Number of protein chains: 2
Amino acid sequence: MTEHAQANLKNLYRIFTVPEAPDSTLGSVDQALTKDLAGFLQEHIVAQGTSLEEIEKDFSTSAIPEDPTFVSEYTEFLKEKLVAQSVHTASPGFVGHMTSAMPYFMLPLARILMALNQNTVKVETSKAFTPLERQVLAMLNRLVYNRDDAFYAKWMHNSRSALGAFCSGGTIANITALWVARNRLCGPDGDFRGIAQEGLFKALKHLQCEGLVLLASRRAHYSLGKAVDLLGIGRENLIPVETDDNNRLDMRHLRNHCHRVQEEGKRVLALVGIAGTTETGTIDPLEEMADLATELGCHFHVDAAWGGPTLFSDSHRWRLRGIERADSVTIDGHKQLYVPMGAGMVVFKDPQAVSAIAHHAAYILRPGSKDLGIHTLEGSRPGKAMLVHAGLSIIGRKGYELLIDQGIERAQHFADLIEADPDFELVTRPELNILTYRYHPAWLQKITAQAPAEQQKTINSLLDQLTVNVQKAQREAGKTFVSRTRLEPSRYNGESITVFRSVLANPLTTDTILEGVLAEQKELVRCYPELLAKLRAAATIS
Amino acid sequence: MTEHAQANLKNLYRIFTVPEAPDSTLGSVDQALTKDLAGFLQEHIVAQGTSLEEIEKDFSTSAIPEDPTFVSEYTEFLKEKLVAQSVHTASPGFVGHMTSAMPYFMLPLARILMALNQNTVKVETSKAFTPLERQVLAMLNRLVYNRDDAFYAKWMHNSRSALGAFCSGGTIANITALWVARNRLCGPDGDFRGIAQEGLFKALKHLQCEGLVLLASRRAHYSLGKAVDLLGIGRENLIPVETDDNNRLDMRHLRNHCHRVQEEGKRVLALVGIAGTTETGTIDPLEEMADLATELGCHFHVDAAWGGPTLFSDSHRWRLRGIERADSVTIDGHKQLYVPMGAGMVVFKDPQAVSAIAHHAAYILRPGSKDLGIHTLEGSRPGKAMLVHAGLSIIGRKGYELLIDQGIERAQHFADLIEADPDFELVTRPELNILTYRYHPAWLQKITAQAPAEQQKTINSLLDQLTVNVQKAQREAGKTFVSRTRLEPSRYNGESITVFRSVLANPLTTDTILEGVLAEQKELVRCYPELLAKLRAAATIS
């Protein structure tokens, strides 16, 4: 080996070693980073005003660097080009997506997580993280199903069971639930060795049916579309069920669809209820859906990725009535449990349901072992359950209750502000802590409401352009942020319109900030005089 | 609101706020944790000698705590009950699984990641993290396919393309690749609107075939089994292809299987080559597999989750020859890129391949946007690509080359040690940095080799028990760690035997430690005098 290579090797070993003194290079880089980070987190802006195209220039080399770089040099680059150009999702003015403030204690704990680098797929690389994850799943299972102590004592650490599955997020949680549902519906039966073994083609032949069908509100999350694609069911077999005036799934329509589907020779695989839709925060009629699922003998899944933690609240728990009858329920840790990104969970009513997707290998996951990977879609996984455990322990049920209650109150207050302002139209009143609205001045609202269909369409289309422009401009200005989506309110005959969408889950968001969001939007509207002129013209046509 | 509730609320806000002075409670908890962690990481043991059942007692309450807990109190619990009872995967004596030492700079960077809490599903919650992730995927794509600058300039930041997909790990990466392969094979065609839309049942009717088939070496990772189950293909349609004496997929057998499958009216969906099998680190004949895939017109996927980074090495790159002809390649960041758990990637040869699994929603992922979530299986995701970017920048190509070269040298040295020791039998010689062996004294090896089938079976079965016992005892002792698996070496007529499995990827592992692993195993063998007596008896039967 050359002297140069030996020197390189020595440096290489050094980066794998914990710095002994805090004044070592790495130690001081570490301290400096922590300080800078605190500064960034205290800033009250959402994002720097740099365009994506501009930022792309700093991330455009495709060649992997040949030579090593000093950590200090790299962190300078990171601070300037990445940290400063990222989105301050924890800012109290960031009220547009389901990403919120972070309890500060998560940061040192996250550091432990990274340093321990456990792999929860198997006990041999996770040890105590395995019982911890099983406990977290039991806690969430209890939050939903509220079984007794004996039940949990029997199943929590039982190698033949899993009270749920931990995963990277709600999408994988939903897919896992529907994978279980599909494999149970098409399980081994006589000569048929089950869909896991023989596949969907033979399964449908065996069941003598033309297809499997999933039914969910048209407001359901797009992950259900991915799930039916991935599982071989097909997107056309995910039936988007009509909603009522409050964006809740309409039971009459659901029954009709189920009836029609069965007449077409298809089988209902599952009904999916939503507890907190992504766009409007609505909760479907879970109790009635559970009744229908029982009647049909099909799986009942509830996607409570967002709304699940509402169960912490004594005042609002009733809104999710019926969830305890679901066969499976998705809850996200990185949403209203305030855990960093990458923590999804699905819990099952039947502690042995997951056996429908069990898998083994010769080197790990042997039958009878407590390896968590036997029942998870993912393989190697980090020990993120630790942060859910920390949240549940440190914040406690009552702490989460406060967060939930405050969020709902704040959303109602924001809705009141919007309704009181003659320049805005509240499109969906919040049931939880999500609402939608748009700029639509009172004088125009009167005209739009009574306008003939063609004129109404013209006005709405112009308002759509205005909403898109204002949303983008507000995002680029970077002081506050709301998102946008498209809805079909009945007041406009089910025509699709673009709306602002606001998610109120950050405890640091104040009324003043919310007033500021509206004030900024009113100002931004004035930047589009041509659109406003067109609107005035469209309003006077008739 | 009661006074008590108001006090609670105040405390709640406090936990969401960055501590202003380092001597605040949270600041000092943070500092103490960092110090304790450094202590733990410097320990040279693998795990504490506590049984899983004992540990479970500390994680057995299913009720979520009602009241909040002090952070300091909780971290004491964590240190004692979790950190101390976790597996020290970074220990130089932990040479049993694919979890290795961690470059120290990853820890402060991981903290940034957690604090920024970006969600890379969409630009609105990730901004600069989006171009960064696209760049990382381009770098890995270039490592595999080595296209020219113009190619990457055209596609890297193109909204109509994705040079790969970032995900939580190799399993999702493999599933993503095969999902793309399935949807491309069964794409829209005339009246048929494609499998994504119509599902697998109608797709197979349209293709007029009886099933889709995946072929991979019987040494392939168990995630392929999950993939064919999930995708509706069925586990019986994953054909485990026989391997040669070096555990490489046997091309003659592969050709025969393909022939047979087609005669049965099935379609070959994909051939899967392995670059670094999980159990033996073997590389399949990728070049010849690519030839066959071209001949059959099917997808060619390479699972290089482990072995991919071998491409960094000028001395060993040739071993993966043919990988550049694959349609898709899986590489794990949390394996030989030395990034914390939760970083998988799949890269595609065709920059538009992922359009086969594209999906949209009304509130994000709109057509034409650069949102990464349009082409990923997962939804919300953390910005882990940042840590891959950091590794590639700070360690550099040459640094990774050193790590790869050293690992392979160390494995060869360990193999030499085992072969030189009369008490051990080297079962598989390392091609990369993974090897398998077992305790099998030279005097007995001679007898086993020449024994009649029945006697050989008896001896191997006793040796299996010994290997299992020793592996478990060594794991429980917690000083060093190797894993175990089952293989079918031709020298025992393809009968399955249990072997120790060692993965040499930690640059801090020394020859002395490896000698210690063997010495400890020899000592542990003596704890099973009954088994040894049975072995002696079995050896003298004939």
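**Notebook: the α4(A)–α14(B) contact**

I looked up where α4(A) touches α14(B): A:Val71, A:Tyr74 and A:Leu82 meet B:Met386, B:Ala390, B:Ser393 and B:Ile394. Two residues are in contact if their C-beta atoms, placed from the backbone, lie within 7 Å. I sorted the residues of this contact into 6 nonpolar, 1 polar and no charged. Nonpolar means Ala, Val, Leu, Ile, Met, Phe, Trp, Tyr, Cys and Pro; charged means Asp, Glu, Lys and Arg; the others, Gly among them, are polar.

This is a predicted model, in which local features need pLDDT of at least 70 and side-chain atom pairs count only at pLDDT 80 or more, while totals for chains, interfaces and linings use all residues. Residues are numbered from 1 along each chain as its sequence is written, and chains are lettered from A in the order in which they are written.

I then checked the helix axes. Helix α4 (residues 71–83) of chain A and helix α14 (residues 385–394) of chain B have axes that come within 10 Å and cross at roughly 140 degrees. Axes are lines fitted to C-alpha atoms, for helices over the stretch in contact, with angles from 0 to 180 degrees between N-to-C directions. Helices are DSSP runs (H or I, at least four residues), numbered from the N terminus.

I looked up the whole interface next. The contact takes 143 residues from chain A and 143 residues from chain B. Helix α5 (residues 106–116) of chain A gives the most to the side of chain A that touches chain B, with 9 residues.

Key:
Helix = DSSP H or I, 4+ residues; strand = E, 2+ residues; numbered from the N terminus.
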